[in-house]
Every structure is written in structure tokens, then in C-alpha cells.
Amino acid sequence: MSSGMSIRKGKLLSIILLCAAIGAGTPGPPGTYNTPSIAMTPGTQESFPDMPTYNIFTNEELRRDFLRMEYDAPLDRPELGFHLLIPKTWEEVPLTVSREQLEHDDENIISLALLRAPEKGVQVEVAYCRVSQTIKLEEWGRAYLEGNDLELLRFQMGTFSGRKVFDTLLKTQEDYKARMTFSRHVDKIFIVSASAPASLYEKYMKVLGLAVVSFHKL
């Protein structure tokens, strides 16, 4: 998105980019399971019960049940590196991205990681798009949601793991719910999309919440 606010429809949730290989994530080292740092505005209370944000799991639960997945150089590009927390039972799905898509990352949403639960339809995806720094984060996020026919149920602004976020809860036409956060990192906006069938969202909302909250750029 080199200029203006026109946004090409993205490839998040169950529609995944599949065109040239990216590097796999690796579990983080022991002792890295501290509760993610959260700062919300205003106040320090949960804004919405279906968007868990604070003290989602205890440190003991994090050590026992979760892995820190690290992507040092996805697409062989260290500037795209990140990590996040996911359950140990989840699997990483190999993704591919074409050279043409990478060369036009200001026009395409580029998928960097896809992680799936054993239960069908529950997943977390990380993607990015190169965006003019003159465009405000919330403005771009809202335009993206509108362009992809995603129904915004509620949102909050805050700081997750040191990054300012536009944090949303969405409903899709395929009867899914998704916790989707947008954060800016210089000339790129990263999107963390944690989704589940609407009938399973309540069951998984803490796990999905932890994924979007714990995402951290390297």
C-alpha cells in the first residue's frame, strides 16, 4: 500500500497463500514463559469477557502447556522475525509465498506462519503488509476489515508485549469468530489472526487470546 487507502483483499483465516516455502518456527529456550506484558488504555480491567487479555494463564500453565514459537527469519528476512506462544499440541502448517507476491508486499497480505489445533478449524495465522507510514494503524485496520467483509463485533486499543495494537473481535461470513490484532512496525503492519468456528470460540478464546497478546517482534 504505497499510497491511498485502497486495500486488496487479504488471505487470512482459512484462505491461505500457497506459492514458495518459508522457514519453520522453532520452540524457544527454557525459562521464556513469563506472562506477556500488557498495557491497556484506559484502566487495567478486562474490557470484554470474550477478549481475554490479562493473566490469561498462570506461569505454571504456560510452562506446562505452551511453547514459544520463534521465527528468526521468515522468508529469509530477519526484519520479519517474531515469536508467540501456542499450545504444545498444535502443529505448524508449511506455507509458500511466490516471488511476485513478495515483490508486491505493499499490495498483498503475506502469510508468515500458520499454526493449527488438533480440533478442526481452530488456528492462528501471522501475516504482514507493507504500508505507508502516513496511514494510521486503526484507519488501515478498519479498511482491511471492511474490504474483506469481516464484521467487527468489538475492539480495544492498547499495548501488547511492547507494541501498540488495534485489537478486534470479528465474525466472518463462514460463521467463524476471530480475534485479530493489528500492530505497526516501521513500514509494515503485522496481523495476528486467531480464529475458530463460532461454536468453538468460547472453548478456545483463552488460547487464542494468549496467541495474539504474546506476539512479539524480534
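Colleague: With which residue does D105 form a salt bridge, and how far apart are the closest N and O atoms?

Modeller: Side chains of opposite charge can pair when their charged atoms come close. A salt bridge here is a side-chain nitrogen of Lys or Arg within 4 Å of a carboxyl oxygen of Asp or Glu. D105 forms one with R77, and their closest N and O atoms are 3.7 Å apart. D105 is in the loop between helix 2 (99–103) and strand 6 (110–116), and R77 is in the loop between strand 3 and strand 4, so the pair ties together parts that are 28 residues apart in sequence. Helices (H or I, at least four residues) and strands (E, at least two) are DSSP runs, numbered from the N terminus.

Modeller: Please note that this is a predicted model, in which local features need pLDDT of at least 70 and side-chain atom pairs count only at pLDDT 80 or more, while totals for chains, interfaces and linings use all residues. Residues are numbered from 1 along each chain as its sequence is written, and side-chain values use heavy atoms, with hydrogens and water left out.

Colleague: Which residues are linked with D105 in a network of salt bridges?

Modeller: The network joins R77, E79, D105, D106 and R130. Within it, the side chains of D105 and R130 meet at 2.7 Å, N to O. Since D105 lies in the loop between helix 2 and strand 6 and R130 in strand 7, this pair ties together parts that are 25 residues apart in sequence.

Colleague: Are D105 and R130 buried or partly exposed?

Modeller: Buried means under 20% relative accessible area, exposed over 50%, and partly exposed in between (1.4 Å probe, protein chains only). D105 is buried, with a relative accessible area of 3%, whereas R130 is partly exposed, at 30%.

Colleague: How many aromatic pairs does the structure hold?

Modeller: Rings of Phe, Tyr and Trp (its six-membered ring) pair if their centres lie within 6.5 Å; planes under 30 degrees apart count as stacked, over 60 as edge-to-face and the rest as tilted. The structure holds 10 such pairs. The rings of Y71 and F82 have centres 4.7 Å apart and planes at 20°, so this pair is stacked. Y71 is in strand 3 (residues 66–71) and F82 in strand 4 (residues 82–87). Both Y71 and F82 are buried.

Colleague: Which residues do ring pairs link into a cluster?

Modeller: The cluster consists of Y71, F82, Y128, F190 and F215.
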